Each structure stands twice: as structure tokens, then as C-alpha cells.
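Open your viewer and keep the selection tool at hand. The tour moves from one chain to its parts, then out to its partner.

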Amino acid sequence: MKQHVKALAVHTLLVGAVLYALYPVLWVLTVAFSRDGLGEGGFVLPWPRHMSCVNFAIATGAGTGKSALFIRQLVNSLTVSGATAILSVAIAAPAAYALARMQFVGKRAGLSGLMLTQMFPTVASAVPLYFILSQLHLLDRRAGLVVAYSASALPFAIFQLKAAFEAIPVELEEAAMVDGATRFVAFVSVVLPAARPALAITALFAFMSAWNEFVLAATLMSREEAFTLPVVLQRFVGEHSAAWGPFAAGSIVVSIPVMVIFYIAQKQLLSGLTAGSVKG
Amino acid sequence: MKPWLIAFLTFAVAIGLVASDCKTAPKNHIVLWHAYRGAEEQALLELTARYEAQTGTTVEVLAVPFLAYASKLSSAIEREQGPDLFIDAHERLGSYRDDGLLARADDAFPKSDIPRYDTIASAVARDEDGTAWGVPFALKGVALIVNTNLVKDVPDSIEALVKQRYDRIYPLAYEAESAYVHAPWLHAFGGTMLGPDDSYGFVGEPARRSVAFARRLVSSGAVPAGADGALVKQLFESGKAAAIIGGPGVVSELPLSVPYRVVPLPPLHEASLRPEPFLTVELLFLAQRSATRPEVSAFARFLASDDSAKTRVRAQVVANSSTWRNTDAIAPHLRAFHEAALASRPMSTRVAMRATWEPVEQAIRAVLRAQSDDAAAIDAALAESARRFESAKPRATSASPARGLTALAATLFVIAIIAYRNTKPRFWSGLRASAGAYAYVMHAAIAVFLLVVLPLAAGAVTSFFSGSRNHMTYAGIGNYVDILTARGGPLLGYGSFYRTLLVTVGWTLINVACHVTIGLCLAVLLSRPLLRAKGIYRTLLIIPWAVPSYVTALAYKGMFHQQFGAVNALLRNFGAQPVSWFSQFSTAFAANVATNVWLGFPFMMVVMLGALTNVPKDVLEAADIDGATPWQRFRHVTFPLLLPQLAPAVVLGAVWTFNMFNVVFLVSGGEPDNQTDILVSEAYRWAFTRHAQYGYAAAYAVLIFGILWLTSRFSRRWQREGA
């Protein structure tokens with residue numbers, strides 16, 4: 001009986017949190033599904049006056065015969081964000097491992113340097129970044145976006161992974177190395193699997209930062225076929241007026257893949273993997 | 001696998017990615033950029049296709065989002081990567097020309113063509129010497145849009161229009177707090193936004209009478225207070241506003257159910273001049289590299305020709321005067337917008353024009369929201385806005401570069417000495433012993449240095465310069481002195497560095513505390529082993545992170561609207577008084593915090609969920625067996641084990657929140673009176689709205705950096721002492 005009451009309390013709290021998380025999105029949904037605006041407002045529970053999917057048709061190009069282009073841009077977003085997630089974790093993991101486990105000259109300076117990069121607002125750095133990427137012949141290429149996004153996701157990824165690696169008992173690697181594995185093999189085959197939740201969160205973070213980024217993508221890419229979805233979305237905001245309906249519809253479309261990916265990935269990535277590997 | 005093999009493979013993949021999508025630029029190829037959408041874009045694409053078929057030229061058309069347009073243009077054209085031809089508003093002509101981005105357009109717009117365009121449009125495309133810098137293309141301005149169900153005959157004055165009384169319907173709705181839409185009143189009373197010699201125009205009798213007029217409109221209940229563009233449109237669509245002031249963009253998105261008519265703004269009875277709205281003339285600009293390419297001029301002539309105008313006039317108000325003389329079927333609302341455009345005032349092309357919006361809007365807001373409408377309050381608001389315009393002006397600071405170079409050399413020398421003295425005898429052997437570790441960190445070091453550190457450092461260097469883009473002059477530490485002395489104003493005055501710093505610190509502390517608390521509670525609840533539907537909860541709870549924040553931040557702004565927002569509707573349901581959220585610091589700040597907490601808690605929750613999986617189950621079980629209560633288990637076992645893993649997310653979260661400008665920008669917009677601005681949003685204002693003072697903005701960035709750096713140093717020292 002006591003268990004039931006407890007479970008009920010937990011569910012009530014969580015449902016409350018979900019409502020809190022969903023409520024503003026309800027407004028976005030209402031705008032997205034409304035054919036002709038919201039009405040005058042001044043009410044608590046939003047609902048479209050005239051339900052319609054026309055905004056989704058406009059946002060995805062189905063209304064203007066550009067749906068092939070939209071699919072292509074969706075694929076761009078997925079590849080760029082996916083590649084960013086993989087590349088940033090691939091670069092960050094060894095660096096974080098070295099920072100967690102090895103002693104080397106410049107370690108402390110490197111760590112504080114990494115932290116310092118996050119403290120500097122990017123207000124004046126867009127022009128120099130454009131210049132550097134153009135020198136590297138990375139303008140107007142998805143690879144350029146991937147490289148730029150990965151680099152900017154690195155500091156967080158390294159800190160996050162370093163902390164996760166430090167939480168893993170050293171004995172695990174030492175056992176593997178006693179068995180004849182090199183340090184690198186021990187890192188790949190013992191440490192990385194044990195840190196899978198942290199790797200997943202780091203990858204998710206990099207994915208999300210690339211998925212929603214707009215200014216850099218709009219600045220670096222100069223062909224519509226190379227645009228990512230946030231750039232396409234932002235086109236609905238003009239200087240004098242904005243098409244909120246399609247913008248809201250597009251935002252919903254953009255957020256669905258993220259939630260699908262998260263739903264599929266979380267089950268295996270957040271459910272106590274370490275318990276097994278520590279004991280094993 | 002060996003580390004070097006991995007290194008090699010990563011580089012190989014990177015190079016493969018680089019080589020994968022290459023771009024070729026054939027001759028006889030023209031690149032055209034624009035920010036149009038909808039019907040205007042369709043017309044442009046149709047004409048381009050026709051031109052390609054006629055001439056064999058290939059044209060690449062790119063639609064760039066408006067928000068990125070100007071910055072993309074200038075970075076791309078400077079690197080010769082940009083368009084050959086682009087469409088933009090005439091008011092940016094001045095800064096584009098001064099930055100050397102434009103080619104003369106005398107071939108595309110010869111003197112003999114002047115009569116072909118509306119006089120008002122021809123005039124803005126040429127400078128004082130008669131040189132053409134663009135080709136007139138389209139006109140954008142506002143007019144009065146009336147709902148013909150409610151307004152049968154358009155009254156002959158604004159006063160008569162707002163005197164109409166309806167049941168719960170506003171006779172007129174417009175963005176009362178926008179300087180752009182307020183401008184007609186100012187012009188009617190004989191004022192200007194920007195006076196001669198870049199002086200501030202929103203002063204004296206015209207400004208006073210215009211804000212008094214706007215205040216009467218709002219306080220009599222004829223015009224809704226604090227409406228933004230979206231709300232004005234919403235009111236009109238739902239039949240809650242009989243007339244609105246808006247542009248062609250509003251009309252093209254109206255539902256068919258609303259019968260409307262467009263007319264030029266009726267005059268003001270009490271004013272002597274016509275209420276001229278601002279006019280924007282969209283011009284075809286030739287990028288500087290097109291100077292030697294006659295085919296680009298030919299294409300520009302084609303797009304702007306009277307023949308092409310017949311296609312374009314389906315979607316926009318073309319600048320070709322002959323089109324309007326024809327009696328062809330042109331949408332009546334476009335004809336009305338054209339008529340209104342001819343009675344409008346082109347915006348100034350001066351760079352200083354952009355710096356007038358902020359102080360003017362502050363004055364309008366102050367007057368519209370004041371409790372009483374005595375003349376003294378209006379005078380005080382106007383004086384304050386003029387003071388702000390003056391204090392935001394670029395200071396003519398210049399310093400001798402020699403001194404700067406000496407200082408730089410001295411700094412480098414000191415750093416070298418410190419580095420040398422700190423180099424222990426074991427340094428070189430240590431370096432050799434570190435080689436193995438370097439194989440692990442090398443990629444990260446290179447990537448971060450090249451793509452993060454270098455751009456930031458280059459940005460930091462601009463903080464020693466003043467002026468805009470191509471006219472930077474060395475200013476030494478002038479920018480820093482200016483900021484740290486609050487530009488000579490009171491040190492804790494509104495908008496001063498120190499006051500903004502206090503707001504920023506409060507902002508950061510409250511946000512991070514809420515993020516961590518909510519994130520941790522949810523993560524702990526979601527980690528209960530027997531919980532059902534975990535996956536669903538988790539996925540629904542990351543929604544605030546998944547939906548693009550631009551749109552949700554604006555949804556929040558809408559929710560906090562005084563009259564039409566959901567929050568006040570809820571308060572009314574409970575019998576409480578509605579709150580005017582953005583007119584005082586505390587509530588505006590609370591609205592910002594509410595938005596940012598909502599946006600940021602899922603990230604913390606996910607990080608903590610991950611960290612919780614690293615808490616060994618056996619330790620918890622052991623504690624359980626020892627009879628620890630759940631709280632004790634959390635407090636003494638889980639939490640200490642979590643802490644080291646939370647530290648990076650919390651520290652970085654704090655740093656990011658410190659620099660989180662878009663929530664402040666989108667929700668409160670700094671209201672009231674920039675009081676809720678944080679340091680970064682202040683920096684952005686200097687870079688983009690106040691005379692484009694990049695150096696000044698960069699100095700802000702360096703100071704923010706310095707503050708965070710000092711904080712982290714001290715907090716580490718305190719930690720060490722505490723431990």
C-alpha cells in the first residue's frame with residue numbers, strides 16, 4: 001500500500017513537470033495548426049480556432065513543390081549534426097582520457113585554457129572565423145560546418161568526459177593492462193564502454209548544438225541545397241513581418257527527429273550499464 | 001589499434017569530407033542573393049528562369065534569412081565569395097558603400113533611366129554627385145488597412161477614425177511602441193528622427209506633440225498598449241481591430257475571411273503636415289567584383305525593366321512608374337500601397353539612423369506607460385532619450401599605435417620571463433615524457449586553437465580599435481576607459497557597466513540554481529528503478545530543449561503580454577490584478593528567468609541522469625542495509641558521488657548563462673529601459689544598433705571574459721582554502 005502511494009506521488013510530480021514542459025509548446029502547436037491566427041488571445045488554454053495543416057505544408061515545402069529540397073535539407077541537418085556528434089566525441093574522448101589519467105607538460109594550462117574559451121562571448125569572433133574557414137577552403141561545405149560545430153562543442157565534451165572517466169575505477173584498466181593490453185587498447189575496450197552514458201550525453205549535446213544552430217550555418221553556406229533546417233526556418237522571419245504559422249510548424253517538425261532519436265537511444269544508454277561492467 | 005592510426009584515420013576522414021562537395025563557378029554565371037519569400041520569391045525565380053532561357057546565362061539564386069543577411073553579405077563580399085548582385089533596403093546603402101562592398105551601378109541604372117522609376121526611388125539610389133549605387137526595384141512602407149465590415153467609409157482623419165466606438169473592438173491597432181510606426185506622427189508635427197549633421201531629431205515641440213498624441217490614443221483605449229507586430233495582425237484577423245497600420249507583408253498573410261481595404265494614412269487634424277510613414281526602397285546592388293562584368297549589369301537591367309515589373313507587380317510594389325500608369329489588373333491593395341509609398345518619406349541612409357531607434361523607442365515607451373500625462377514627464381523622457389543618443393555616439397578616440405606596440409612588446413617580454421623562470425629543469429625531459437599523452441590531446445588542441453581560440457583572439461584585438469569595419473582607427477585602451485567610467489555618467493546609472501554587471505550576476509545565480517534544482521529532482525525521480533513509463537517521461541521532459549528556442553522564447557513573450565497573455569489570463573481567473581510584466585524591472589526580470597529556466601532544465605536533467613548511472617548500486621544497497629533513510633542515502637552517498645561529475649556541467653552552465661543573450665533579447669528586449677539587459681546583450685547593442693561600434697562591443701566581450709576568469713580563479717582559491 002505504502003509503495004502505491006509513493007508511486008502515485010512520483011507520477012503526480014512527473015506529470016506536473018511534463019505539463020510545465022509542454023504548456024508553452026502548446027502555444028507553438030496552436031499557432032502551427034491554426035489556419036488564420038490565434039484569435040485575440042487572453043485565454044489560458046490554447047486551441048486552434050480552425051484546425052489546418054496548411055502551415056506544415058508551407059514549412060515542409062509541400063505547398064510550393066519544394067518538398068524534395070526540404071528532404072535534402074533535413075538530410076543535411078541529420079548528417080551535419082550526426083557527424084558533429086561523432087567527430088566531437090571522437091576528438092574529445094582521447095583528450096579527456098589523457099587529461100583524466102596521464103600527467104603531461106601543459107595539462108593544467110590546457111585545462112584552464114579550455115575553460116577560458118567558454119568565458120569569451122562570441123560577439124566579435126564571427127568575422128575572423130569566416131576568414132579562417134575560407135582559408136581552409138571549408139566555406140559552403142557541410143564539412144566546414146561539421147568542423148566548426150565540433151570545435152565549439154569540444155570544451156564541454158572534454159570536461160564532461162574527463163569527469164566521467166575519473167569516476168571509473170582505475171583498477172579496470174590496470175587489470176586489462178596486466179592481461180597484456182596496451183594503454184590505448186585498455187582505453188578503447190574497457191574505459192569507453194564503461195563511460196557509455198557520458199559518451200551518449202556528450203554526443204547528444206554536440207548533436208543538439210549543431211541541430212539548432214542558425215547564424216553560422218546561414219553565414220557559411222551559400223547554396224540552398226546545402227542549408228540546414230534552422231536556416232530554412234529562419235527564412236520565415238522577415239524584416240517587417242514574420243510568418244509565424246509556418247515558423248511554428250517548422251519548429252515542431254525540426255524537434256521531432258530529436259525526440260525520436262532521444263527516445264530510441266535513452267533506453268540502452270541511461271539504464272545503469274556501469275553496474276555490470278564494474279562487477280564484470 | 002594504435003593511437004597514431006586513429007589520428008591518421010580521423011584526418012583522412014576530415015580531408016575526405018572536405019574534398020567531397022566541391023563547387024565550380026563557370027563563366028557567364030551570376031549569383032543573386034535576396035531575402036524574399038512567398039510570392040515575391042516566386043516572381044523573382046520566374047524572371048530568372050526566363051532570363052536564363054533567353055540569354056544562356058546561368059543564374060544562381062539564394063534566399064538568405066533576413067537575420068543573417070547583412071553580416072553574411074559583408075563577410076562574403078570581402079572574401080570575394082558572395083553574390084554578384086543582391087537585393088537590399090536602400091537605408092543600408094551608406095554603410096555598404098563606405099565599407100567598399102559595392103560597385104557603381106551607372107551601367108545598370110544610367111541617367112537616361114531616371115524617369116522610368118518613381119522619383120522618390122530614383123533619388124535614393126544616387127548619391128549627391130549623381131553616381132548610381134543601386135537600381136530601384138521595389139517600395140516597402142506602411143499604410144492603413146481597414147476591415148470593411150466594420151469601417152464602411154474611411155474617415156478623413158486619424159482622430160475621426162479612433163472616435164468610432166465598437167463593442168470590444170479597437171478602432172485602431174498599431175505597434176505603438178515601435179519608432180518605425182510612430183514616425184508618421186512625428187513627421188506630421190514637423191519632426192524628423194535624425195536631424196542635420198547626424199544630430200538627434202527626436203527633440204522639441206514635434207517630438208513632444210507626437211508622443212502626447214500617441215499617449216492619448218492609448219490612454220483613451222482606442223489603441224491597444226504594447227502590441228507587437230504579431231499581436232496587431234492577430235487582432236485584425238480575429239476582427240478585434242477595425243483598422244491597423246501595416247505593410248504588404250501583413251496583407252499577403254491575411255485569411256480570406258477578413259474583408260479589407262488599404263488606404264494611405266489619413267491626416268491628423270491637429271497637425272499641419274501629412275503623417276508620412278517611413279519608406280524603404282529595395283535596390284539591386286552590384287557587389288564590388290561585378291564592376292568589370294557587363295553581364296551582371298545587363299541582368300540587373302533586365303530584372304528592373306518595365307517588362308519584368310509586369311511580373312513582379314503581382315507580388316510587390318514595383319518602383320517602375322509606368323507600371324502604375326497602365327490600367328492592367330493590379331491587385332487593388334498593391335495600388336494603394338504604391339499610392340501610400342509616394343506619400344512617404346525615404347529613410348535616411350546615414351549610419352547614425354540606426355542608432356536613433358533605441359532612444360526614440362525608450363522615450364515612447366516611457367511616455368506611454370507613465371502613470372500621469374503631465375508635460376513634465378514627457379519632457380523628462382525626451383531629455384533622457386536625447387542624453388542616451390548622445391552618450392552612445394562613438395567617441396573620437398585615437399591613440400598612438402607606437403605606445404600600444406611598446407605595451408604589447410613589454411607584455412610579451414614579461415610573459416616570456418615568467419615562462420622561463422617557471423620552466424623547471426625537468427621541463428625538457430618532462431616534455432619528452434609527455435609525447436605519449438600528446439598523441440591523445442593533439443587533435444583537440446589543434447581544433448580548439450584554430451577554430452575557437454584564434455577567432456576569439458582576433459575579436460579581442462578589435463577592442464583596441466574604434467570606428468566601423470573598414471574604418472577602424474587605433475584607440476588604445478580608450479574603449480575600456482569609456483566603459484569602466486560609465487562614459488562619464490553615474491557609475492550605477494541605467495545601462496552603466498557596473499549596474500549591468502549586477503543584473504548579470506543575479507541572472508546567472510538564479511538561473512543556475514533553478515536549473516540544477518529542477519534538473520536534479522527530475523533526474524532522481526526518473527532514476528527510480530521501478531518507475532513505469534520512464535522513457536515517455538524522459539522524452540517529454542526534453543521537449544524544451546528539442547524545440548528551437550527562438551520560437552519558444554517568443555511564445556513566452558506572448559504569454560507575458562499584459563492584456564492578451566496567458567499568464568495574466570490565469571491571474572484574472574484567480575481574481576488577481578493583471579500585471580504589466582515588462583514595465584518594471586522585477587517582473588520583466590522574472591519573465592526572462594522563467595523563460596530561461598524552462599529552456600535550460602532539460603540539459604541539466606540529462607547530464608544528471610547520465611551521472612546517476614555512474615553511482616554504484618552496491619554502495620547504495622550497503623547504505624540501505626545499514627538502515628539509511630532515502631534522504632540520508634541521497635545526501636551522504638549519491639550526492640557526494642555525483643558532485644565531481646556535475647561540476648563541469650554546473651560551471652559551464654553558469655558561464656553560458658552569464659553570456660546567454662538571446663533570451664534577454666527575445667523576451668524582455670532589455671525592457672524597461674535596458675534595465676534587464678545583461679552584459680552580453682549590452683555588447684550586442686553596441687555592435688549592431690549603436691553606430692556599429694564593433695571595437696566597443698569587443699571591449700565588452702574582453703571585460704566579460706576578465707570577470708569570469710577572475711571569478712573562477714578566486715573560487716578555486718576559496719575551494720582550496722575551504723578544503
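Select chain B and switch to cartoon. The chain holds 31 helices and twelve strands. Its radius of gyration is 30 Å, close to the 27 Å that the globule rule gives for 723 residues, so chain B is as compact as a globular protein of that length. Keep in mind that this is a predicted model.

Along them, the C-alpha trace of chain B spans about 90 × 70 × 55 Å. Next, colour by burial: 47% of the 723 residues in chain B are buried. Of the contacts in chain B with a separation of 6 or more, 76% join residues 24 or more positions apart.

Colour chain B by domain. The domain assignment makes domain 1 from three segments, 3-8 + 24-140 + 280-346. Domain 2 takes 143-276 + 350-392.

Bring chain A back into view. How many residues of chain B are in contact with chain A? The count is 122 residues on chain B, against 117 residues on chain A. Select residues 435-462 of chain B, which form helix 19. This helix gives the largest share of the side that touches chain A, with 19 residues. Finally, colour that side of chain B by class: 79 residues are nonpolar, 29 polar and 14 charged.

Terms used:
Residues are numbered from 1 along each chain as its sequence is written. Chains are lettered from A and ligands numbered from 1 in the order in which they are written. This is a predicted model: local features need pLDDT of at least 70, side-chain atom pairs count only at pLDDT 80 or more; totals for chains, interfaces and linings use all residues. Two residues are in contact if their C-beta atoms, placed from the backbone, lie within 7 Å. Helices (H or I, at least four residues) and strands (E, at least two) are DSSP runs, numbered from the N terminus. Ala, Val, Leu, Ile, Met, Phe, Trp, Tyr, Cys and Pro count as nonpolar, Asp, Glu, Lys and Arg as charged, and the others, Gly among them, as polar. Domain bounds come from an automatic or database domain assignment. The radius of gyration is taken over C-alpha atoms; the globule rule is 2.2 Å times the number of residues to the power 0.38. A residue is buried if 20 or more other C-beta atoms lie within 10 Å of its own, exposed if 12 or fewer, and partly exposed in between; C-beta atoms are placed from the backbone.
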